[in-house]
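Hello,

I am passing this structure on to you.

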Amino acid sequence: MNPASNAAPIGAGSCSPAVDEVDAASADDLLCAQVPPQAAGERLDKVLAQLFPAFSRSRLKAWCEAGRVRSGGDVAAPRAKARAGAMIELRVPVDAEAASFAPEPIELSVVWSDSDLAVIDKPAGMVVHPAAGNWSGTLLNGLLARFAACSALPRAGIVHRLDKDTSGLLVVALTLVAQTDLVRQLQARTVSRQYLALAWGALPAARSVDAPIGRHPRDRLRMAVVASGKPAQTLFEPLATVHTVFGPVTALRCRLRTGRTHQIRVHAQHLGLPLLGDALYGRREPAGGEAQAAQRQAVGALQRQALHAAALRFLHPGTGQALGFSSPVPADLQATWLALGGNAATLDVSGWSEA
């Protein structure tokens, strides 16, 4: 069964502008969706969030208040009641910075693709989306060059992200329908995302962490477990522990239930298991004498947090088929684990995509 058939907007996509629109509106993107029968009578701002999940509710409400939403051809207010079958037109303003994003011929590792989506294996060091300090050379710039369809989609079809120094798999939509469905799968927590991490400390048994994450109260560059944060859940499973001269190091299989910024890194630190190489949430490089030179060099040589998005599983937006992918643990993490005395078999993630 098509996973989008029960809840996806009917006729979602671009549509022709109304004849009475002013010329200035031609700089906007016009998106359309039809209100499904089950949404009749609900507040329009709530329905908008269901029809256009690629945008936040606060942004949709602001656009509605600014007159950028029409229902059945009439400008609609956020508190207006949705009518079944009504055609909703949403004018998305083109962001000046977003408009400056240019396609760049960046080499991308495309694991799999079709007309609806692409699965990318991102290397450590690549930023996913342009932002202050990283306006070029990002995954988004590469997507725009590799897939022409991405230029017509919000955030070039990106539906979830990885930190700059986290390697591994992410899925990108190539159509608006696919993007809407993938976002809904993420919201419904039916997308399986599994990570391999190397952490300081030992974990005797699997541990589920259910702790809200929000901005750190004093350091705005960091996230933290705070009562006012958004719900966040991560399952940590120990694979093996090696006992080094600097203390135990554990290879972890991490399963995301939610997708908050820096979630695994914050929850790992919260457990007392900071990731190796994590300059933001980790611990200082351990000291050591000459006898421990090899292990000390291995830890010091790691130039990023020891975190890899190893497996990804979701339903294809068009066919409903379950798709699973795995990405081998990169050489830098393999080398660190082996130098600390670990077994290479521990880092075999080839079967993770089936679980």
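Below is what was found in it.

This is a predicted model, in which local features need pLDDT of at least 70, side-chain atom pairs count only at pLDDT 80 or more, and totals for chains, interfaces and linings use all residues. Residues are numbered from 1 along each chain as its sequence is written, and side-chain values use heavy atoms, with hydrogens and water left out.

The protein chain has eight helices and 16 strands (DSSP runs, H or I of at least four residues for helices and E of at least two for strands, numbered from the N terminus). Of its 355 residues, 48% are buried (under 20% relative accessible area; exposed is over 50% and partly exposed lies in between, with a 1.4 Å probe and protein chains only).

Strand β9 covers residues 192–200, and eight of these nine residues are buried, so the strand is largely enclosed by the rest of the structure. β9 runs antiparallel to β14 (residues 247–256), with seven bridges joining the two; strands pair if DSSP finds at least two bridges between them. Within β14, C254 is the bridge partner of Y195. β9 is also joined to β15 (residues 307–315) by six bridges, again antiparallel, and there L196 stands opposite H308.

Two backbone angles deserve a look. Most residues other than glycine have a negative phi. R189, not a glycine, has a positive phi of about 60°; R189 sits in the loop between α5 (176–187) and β9 and is partly exposed, at 44% relative accessible area. H262, also not a glycine, has a positive phi of about 60°. H262 lies in the loop between β14 and α6 (263–270) and is buried, at 16%.

Regards
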